Every structure is written in C-alpha cells, then in structure tokens.
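Subject: The structure you asked about

Hi there,

Here is the structure to open on your side. Have a look at it first, and then read on for what turned up.

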Amino acid sequence: MHKLIENQVRISVRNLVEFILRSGDIDNRHSTKAQYDAMQIGSRLHRKIQGSMPGTYKAEVSLKHTAHYRDVEILLEGRADGIITPDEKSVEGEQANLLYQTQTDENVSAEISFIIDEIKVIRQDMEKLDSAAQVHVAQALCYAYMYAKVLNTKAAGVTEENEEKKRICIGIQITYCHPETEEIKRFLKVYTFKEIKEEFDRYISEYGKWAQFLYEHRLERNASIQKLSFPYPYRAGQKRLVAAAYRTMINGEQLFIQAPTGIGKTLSTVFPAVWAVGEEYADKIFYLTAKTITRTAAVSAFDILQENGLKMSYIALTSKEKICPNTVMECNPVQCQYAKGHFDRVNEAAFDLIHDCEQITREKLAACAKKYKVCPFELSLDVSYWVDAIICDYNYVFDPHVRLQRYFADGERGEYIFLVDEAHNLVERAREMYSAKLEKEEFLAAKKYYEPFKSVVKQINSCNRKLLELKRECDVWKVLPEGEGIGSFVMALERLYEALNRLSETHPEWIAPKEASEFFFHVRDFLEVYEQLNEHYEVYMEHTSQGTFQINLLCVNPAERLQECCTQGISTIFFSATLLPIRYYKELLGQGEESKAIYAASPFDPKNRLIVTAADVSSKYTRRTALEYTRIGQYIKAITNSRRGNYLVFFPSYTFRDEVEACMEKEENVRYIRQESSMTEAQREEFLDAFREQDTPTVGFCVMGGIFSEGIDLQNEAVIGVIIVGTGLPQTGSRQEILKSHYEKEGKNGFLFAYLYPGMNKVLQAAGRLIRTSKDYGVIALLDERFLQGSYRSQFPPDWTDMNIVQLSNCTALLEQFWADIEQ
C-alpha cells in the first residue's frame, strides 16, 4: 500500500471553494430538504445533460494539480462535469456570440481555448435566477486553471510567458437544471487565463495558512509517534491483536476482532492506527461507536497516549441536540443568534481552536462558539477536518442522511481508518439506517399541516386511498415479494413528493412546522429506499399493536450498503467482545468469507470467576407465572447474599423486571436501583456512581441490550456479580418472523439468525460487565434452563468450559465455596 507524502495536503476543488468562499447565515427553514433532494437527483440529470451534448463533449474529466504554498504541496483534485473545445460549439444563440466573438484589446489576438461546463441541479424558480453563484463560478475557475495547465503540459500554447502576446480566453459556463421540470438555464462568462490564474492563486493563498498548519502539525505528530511505545505491559494475546490490526491497516484490508471484555480492545486498535498514521499510511482515524457512553473508552485511549508523549489531536463529536446552547433548537438567523452570520466568523473560530488545543472537548467547543458567536455543532464539524482522529457515532460514516458530507460526498475516497467499536451493534443500527416505513395515520395528520395548500392535500388524499386499499388486503401482516402490489402507492407518493417540493418554491414565505418537516423526510426516505430494493430487502405491511397501519421496506442484510461506505476509507477494523459466531457478522457487516478474523482468548485467571447456570427456572412465556417470578427472585437473593457487594441483574424486559420485583423479598441493608426506559446523562452517571461509592451494597436492576449492558467499565469490586435472567431472544413478532423466513429461503437456519444469535449477543455483553481487569473477580449467573441446550451452549466463548449447573437447593453452597476460595 502506498504511503502519503508528509508535506502534501489533499483537498477536492469543491471543498476548497466552499471553505474559502462561504459566508452568511445558517438557515434550515427552506434549504435543507431542497439541497439534499437535488444532490440525490443530481447524478441522473448530470448524465442526461451530458448525454445531450455532441459526441465529442468531454464529460466527467478528472483533474489534478499540485499548487505550492511555503513548505506545502496542495494537491487539488476534482472532476469537471464537462469540457467543450472551440470546434464543439454546443452553446447556441446569444451565448455563442458572447463566447466566440469576444472583444479584445487592439493588437492582441483572441482565441477561445475551451469552455468549462459546471452543472448544478437546484430547486429554484429559473425565471428569478439572474446570475450564477460565486461558489459555482469559483469551482469552474479552478477546473479551468487545472485544465489549462494540462494543455500546457501537452504543449498546447497556454503558458504564462506568452500571455502578454496572445490573450487566451476561457469560457466559464454554469448550467443550472431544475430537478422536476428539467428546465435548463446557463450563465456564460469569458475570462483570460491571467484572470483565472489570479483567482486561483487567491484561493490557494487563503487556504495555504491552513495547509501550512497541517504540515507543521504532522511533523510534530509523526516525530512523537516514532518515540511512542505501548503504554502498558501487553496482556496475554493483546500484542497479537495489535500486530494483526496494524498489518490490516497498512495493507488496506478489513479485519474482525473477537476479543473478551477486559483485554483492552480499544487501545489495541487505537495504538496501531496511530502508528499507521505516523508512518503515513493513513491521514485520519474515525473511531465509531454505537452509544455515547462507550465513547469514554476511546477518549481515554487517546488521552493515555497523549500523556505518554503523543502529539495527536482528536475531537469527540456531540449531537446537535446535546450541544445546542439554546433552550429550543431552531437553526435560522431569526431565532438563533449563533446562526446569524455564522459562516462569516466560523473559519476564524476554527483556526483559533485548532491552534489552542489537541483535545477538542465539548466544553472547549462551547466556549469557542460563545466567544465567536457561531454554532458549536457546525464548528465541531469544521474543526474535525483539521484533527487527526474523530470519535463519533456510527451515523456520521454509515447513515446516508447523517454522514459527513465533507468527507464522503459523491463517493469520494479518503485515507481513513475506520475503527468500529462494539461492532455487534452495527447489524441492527444499519438495518434501521437502510430501511424505511410509512404509516397511514401520518397522511391523515399531514392534511392538517398542509390544509392551506390544495394541490398538496389532493396528493395526500390520493396516497391515503392507496393505503386504504392495501390495508383492506392485510389481516395482521403480509409480505409483499419484491414490493409486489405497492407500485401504484409509490407512484402516488412520488406525485406527493413533487408537490411538497414545489411548495417550497411557490410559497418560500411559509415556515413548515416541525411535524410537516418530519412528514416530508419520511416520504423522501421511503422513496429513496424503494429505489434501493434488491434481494437483501423484504417489503411487508402490517397492523401494529399501536393500532396503526404500516408499509415497511426492511433491509435484512445491510452488508452491501455498509461496504459501500467502508470502501471510502483504506481499512476497517470491526471489534467487539461478542462477535460470535463470526460468520454471522462477516455476512451482515463485512465481505463475507473474504473478511479476515482473529479471536483472542481471555487473559484473566478463570479461577477468579464462577459461572453458574440454573436448571430449574426459565423466562419462557409459558412459564411466566408468579411461582416462576418468585423462584427467580429467590435466586437473586441467594446470589447477592452470598457475599456483601454490588451486583447487576439483567432482565429480558422492563415488564419482566417489575414482575420479579413484585414477588421478591428484598434485604433491608441493600440499595436497589433501577434502569428506567429513558434516562438523561446525569441520571446514567448517578446510577453508575452508586456502584463506585462502595458505601452500601447495591443491586442494579437493568435490561439486556440497554445502556448498562455494554460499554460501561466498573472495576475493582465495583461489581462482583452479574445475574442474567433469560436468553435475551428478541420478542416474537412480524419483523423477527420475516427475518427468520428470509434466511430460511436462503437455506440457512432462520431461528439462529433471527433469534438465537442476537439474543446470545445480549447475554454475553451483559456477562462482560464483570471481569474487566486481572484483579476483578465474581459470579456470572445464567437463570434459564435453556442455556443447557446445545444450540445455546455452542454460542458460549471457548473459555466458558467451567460452567456449573445448579438448582436453587444447592446454589448457595457452591457460591459460599467459591468465595471461600477467593479469600484464600
């Protein structure tokens, strides 16, 4: 794999001009949906416009140019939509006269060398469009300069030396196209090469100070990495993980790492990624997490390396809702002082912040945003471009609606390493990202929001009638093979979508309420996913338990979509304590059997851990009686009484927890705390602090698959026992049954894929809360007789060979013996 050039900074033409020329306000009242939709439709219209040009029209011309600023090479890359040469006169009428009959100074000849055609799809009234946007002209000017240098290389006569003798003229044409009407409007202006060069040099000069900062930072960073060592003695198997991850990164490959909790997976992936960056194999690290609470480990890993001499900058991205300084989040200049004039000040704010610190925390972002009066969320996205590592949610890389456009727009590839933490979570998260649904009730509610606009209401009614027809065909739920039967509904939905888009043009003064905007995006998302339907999707309709009627486009296997994103970086490492069976995750996340995998055994002494499985209780629905709840409560009491300390109990649901609590006799000197369905960050911390205080024995009642079943790190007797009630199987319902049927059609065991694998993953994640370090010890109790069945036991980690089968009658004696051995 090739190495990067230390003094070279790469940037696309579009990113360059948008960065240098941006100004004005943040305003999402009108533009967001139009810009996104135009971007989606744009590639199709580009091809159509390009195809209508003469056969000699050069479309999608890739261009590169290296500019210099002080010590830095700025590698500029881009793709011109079209290049027209003088004998390919595709411009007609007055514009042709403007181009080919240019006025020139006396005694200076005029020659048209070529025209750069930049195509933009926009949702604007073409009649009111009277000039090309500066940023679009700037993009075309850069392509013009770059192409002129290509011609110069080919000895075509475009040189700075002969500029005074012979004025070379270059046409800059901006072609605007409306996505619905496909109406086209062009703006053409002729420049001399000298004028284009002056503008290009100005852009490079403006960007140069930023590029110089990157170069100087890289020198310092890479020098620090050369002196960097792994900060701790390697645990058993850890050095092997580090080496495997590093080889994968420098070879540009993918790797799945299944490693037990406590081995140090975060540092084992971050450290080799840092080395790969320092060796110029990569430019940036994306550390991707499923939950906010799990980012702490990533932040800690970078902090530890910095404490050991690493000069590498990072930022942990926080969602807009959490970092917004206003009580109500309204991103427009009327309602937010930070939105007004944001783009006039944000570059200065970002330049200040990246020079001030290497750890870009939420607090530092908020302080800088307040100082310069800019949006802290948008500032964080800008700052992310200038740091070495980004810690963020999966969405920022994989979700088509949230992913960071500055890195991944138009399928652009970067020198990125993707570290996917707790990768088992990505299966369900990706299914959500690439699926879509619509409820009939949404359309009835939408009529109220759009009541003043008859054309929109008419299309809503049309969609509603189609949904009513489908509803009558559905008993409880029904699979529609390859979307069979919803074609007429989709056609009606497309007409509604067009009407909604026209509304933003014909009534720009109308500010859509939040509910109307959400409805718009639901419609947009459904149509977008519908275009993606293939053998990896299932389409079904159902009457939900909430009394609604839904049409669902379910992405069963998201691997193809995920891999499209992964190919925009150079290497991806998927890692988790629970990637078993590995073939399941290879199929749903990776490249199938082509993906490499490594398994690491636990480095900790198995004598510090007792695993017991109860043979006389179950969480089966047929066994959920007061008697069964009482027995489970007796198990919990026996285990927590066996030694004074803190315990975590994981239930299959909140309802099940409540039933057990109601039948359970609690101890007076024990603190019982509960996970609630929606907890703030402060409440989560308060919950965890109860285990860290060590003043009163604490028993935490939690739910499997919830916020406390993974990602939390309670060490040194903070938890001495984990009790898991039930097998974690997903609740039986239409979705899981459709998943099961899908895999069976592929010749696989549908129960394993739809129920057992996801369920056992939750169990193993919960069990992983116990042993975090070599000093930890305790009990893992599995309270369900089904764990004794072969299909369940086969999912246990290889080092779980010492499992003990117990009943309520002999459980206490075994626990007492274990704790007595620990005391010795």
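Predicted model: local features only at pLDDT ≥ 70, side-chain atom pairs only at ≥ 80, totals over all residues.

The overall picture

Stepping back, the chain has 824 residues, and 55% of them count as buried. It contains 28 helices and 25 strands. The C-alpha trace spans about 110 × 70 × 50 Å along its principal axes. The radius of gyration is 30 Å, which agrees with the value near 28 Å that a compact globule of 824 residues would have. Among contacts with a separation of 6 or more, 79% come from residues 24 or more positions apart. The accessible surface is about 35400 Å², and carbon and sulfur atoms account for 47% of that.

Charges and salt bridges

On the charge side, there are 99 positive and 118 negative side chains, with the centres of the two sets 2 Å apart. The salt bridges number 41.

Arg-221 and Asp-388 form a salt bridge with an N to O distance of 2.7 Å. The two are 167 residues apart and link distant parts of the chain: Arg-221 is in helix H5 (residues 193–226), and Asp-388 is in the loop between helix H12 (376–384) and strand S11 (389–393). What about their surroundings? Arg-221 counts as buried, at 1% relative accessibility. Asp-388 is buried as well, with a relative accessible area of 4%.

Glu-77 and Lys-64 meet in a salt bridge of 3.5 Å, N to O. Their pairing joins strand S3 (residues 72–84), which holds Glu-77, to strand S2 (residues 58–69), which holds Lys-64, across 13 residues. Here the two partners fall into separate classes: Glu-77 is buried at 17% relative accessible area, whereas Lys-64 counts as exposed at 57%.

There is also a network of salt bridges that links Arg-657, Asp-658, Glu-661, Lys-666, Arg-674 and Glu-676.

Backbone details

Now for a few backbone features. Most residues other than glycine have a negative phi, and most peptide bonds are trans.

The peptide bond from Leu-580 to Pro-581 is cis, with omega near -5°. Pro-581 lies in the loop between strand S17 (571–576) and helix H21 (582–589).

Glu-280 is not a glycine, yet its phi is positive, at about 65°. You will find Glu-280 in the loop between helix H7 (265–278) and strand S8 (284–289). Is Glu-280 buried or exposed? Glu-280 is buried, with a relative accessible area of 8%.

Glu-482 is not a glycine either, and has a positive phi of about 55°. Its place is in the loop between strand S14 (477–479) and helix H18 (487–506). Glu-482 counts as exposed, at 82% relative accessibility.

One more residue

Finally, take Gln-683, which lies in helix H24. Gln-683 counts as partly exposed, at 36% relative accessibility. How far apart are Gln-683 and Lys-370, in sequence and in space? They are 313 residues apart in sequence and 27 Å apart in space, C-alpha to C-alpha.

Happy browsing, and do write back with any questions.

Best wishes

How values were computed: Residues numbered from 1 in each chain as written. Heavy atoms only, no water. Helix = DSSP H or I, 4+ residues; strand = E, 2+ residues; numbered from the N terminus. Rg over C-alpha atoms; globule rule 2.2 N^0.38 Å. Buried < 20%, exposed > 50% of the residue type's maximum accessible area, 1.4 Å probe, protein only. Contact = heavy atoms within 4.5 Å. Areas by Shrake-Rupley, 256 points an atom, 1.4 Å probe, with all protein chains shown as cover. Lys, Arg positive; Asp, Glu negative; His and termini not counted. Charge placed at Lys NZ, Arg CZ, Asp CG, Glu CD. Salt bridge = Lys/Arg side-chain N within 4 Å of Asp/Glu carboxyl O.
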